[in-house]
Amino acid sequence: MLQPIQGAVNRKFRPSSYNRNDSKAKDTIISYLKNLGHTIVSTKENYSFDITSHMEDTTYFSEVEMKNQWTGDWNTTWEEIRIPYRKHKLINRLHALNTTQEGIRYLDFYIIRRDCKAAWKINSSLLETCEVKEAWGGRILKGEQFFHVPYTEAELITLTTTQEV
């Protein structure tokens, strides 16, 4: 079980960013999952997993996020992909489900390029092994903690989409 970090701060919810990005990100990954053979079970906003899908006897949870600064090929000077540590609650929820209910479940995080033609896919088991520390940047609050995922350990996937840039 991942624990909260004492003294950590979280970025304030930004409705305008959410409205610009959430549907676009969900629609992109829903299309990707359907192309793989998933059946979409839920995309309802419930402050939990963004997308729940099934394929064969497995349940998949997906968390999606747009990275609008990412255009073209991945900038390799960005040595890591940062996922807010507050997402540890989703990993804990997955563990709770896996210990209290039968069946197989996975949680994947998708960091999507602005044009929705590529994304990093990161399984929650990889996140659990990554360093957690503060990050710096224009929109990052002092004290905000992130999983720091080396991009070389994530899976770069190609997406086909009808989304507009």
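Reader: Is Arg86 buried, partly exposed or exposed?

Author: Burial is read from relative accessible area: buried means under 20%, exposed over 50%, and partly exposed in between, with a 1.4 Å probe and protein chains only. Arg86 is partly exposed, because its relative accessible area is 29%. This is a predicted model, in which local features need pLDDT of at least 70 and side-chain atom pairs count only at pLDDT 80 or more, while totals for chains, interfaces and linings use all residues. Residues are numbered from 1 along each chain as its sequence is written, and side-chain values use heavy atoms, with hydrogens and water left out.

Reader: Which side chain does Arg86 meet in a salt bridge?

Author: A salt bridge is a side-chain nitrogen of Lys or Arg within 4 Å of a carboxyl oxygen of Asp or Glu. The partner of Arg86 is Glu144, at 3.3 Å from N to O. The pair links distant parts of the chain, 58 residues apart: Arg86 is in the loop between strand E4 (80-84) and helix H2 (88-100), and Glu144 is in the loop between strand E7 (131-134) and strand E8 (145-150). Helices (H or I, at least four residues) and strands (E, at least two) are DSSP runs, numbered from the N terminus. Glu144 counts as buried because its relative accessible area is 2%.

Reader: How many salt bridges are there by this rule?

Author: The count is seven. One of them joins Lys133 and Glu131 at 3.7 Å, N to O. Lys133 is partly exposed, since its relative accessibility is 32%, and Glu131 is partly exposed at 49%.

Reader: Where do Asp22 and Lys26 lie?

Author: An α-helix has 3.6 residues a turn, so residues three or four places apart point the same way. Asp22 and Lys26 are four residues apart in helix H1 (residues 15-36), about one turn of the helix. Their side chains form a salt bridge of 3.3 Å, N to O, and both residues are buried. A network of salt bridges links Asp22, Lys26 and Glu45.

Reader: What span should H1 have, and where does H1 bend?

Author: H1 bends by about 35° at Asn21. Just after H1, Gly37 has a positive phi of about 105°.

Reader: Which strands do the buried residues of H1 pack against?

Author: Contact means heavy atoms within 4.5 Å. The buried residues of H1 include Ile29, Ile30 and Leu33. The strands they pack against include E1 (39-42), E3 (58-67) and E5 (104-113).

Reader: What is the nearest side chain of opposite charge to Glu134?

Author: For charge, Lys and Arg count as positive and Asp and Glu as negative; His and the chain ends are not counted. Glu134, in strand E7, is buried yet has no salt bridge, and Lys142 is the nearest side chain of opposite charge, 4.2 Å away. The side chain of Glu134 does reach the backbone nitrogen of Gly143 at 2.7 Å.

Reader: Is Phe146 buried or exposed?

Author: Phe146, in strand E8, counts as buried because its relative accessibility is 7%. Leaving aside neighbours within four places in sequence, Phe146 is in contact with residues including Arg82, Ile83, Val132 and Ile140.

Methods. The bend at a residue is the angle between axes fitted to the seven residues ending there and the seven starting there. A polar contact is a pair of N or O atoms within 3.5 Å; within protein, one must be able to donate a hydrogen and the other to accept it, and residues adjacent in sequence count only if both atoms are side-chain atoms.
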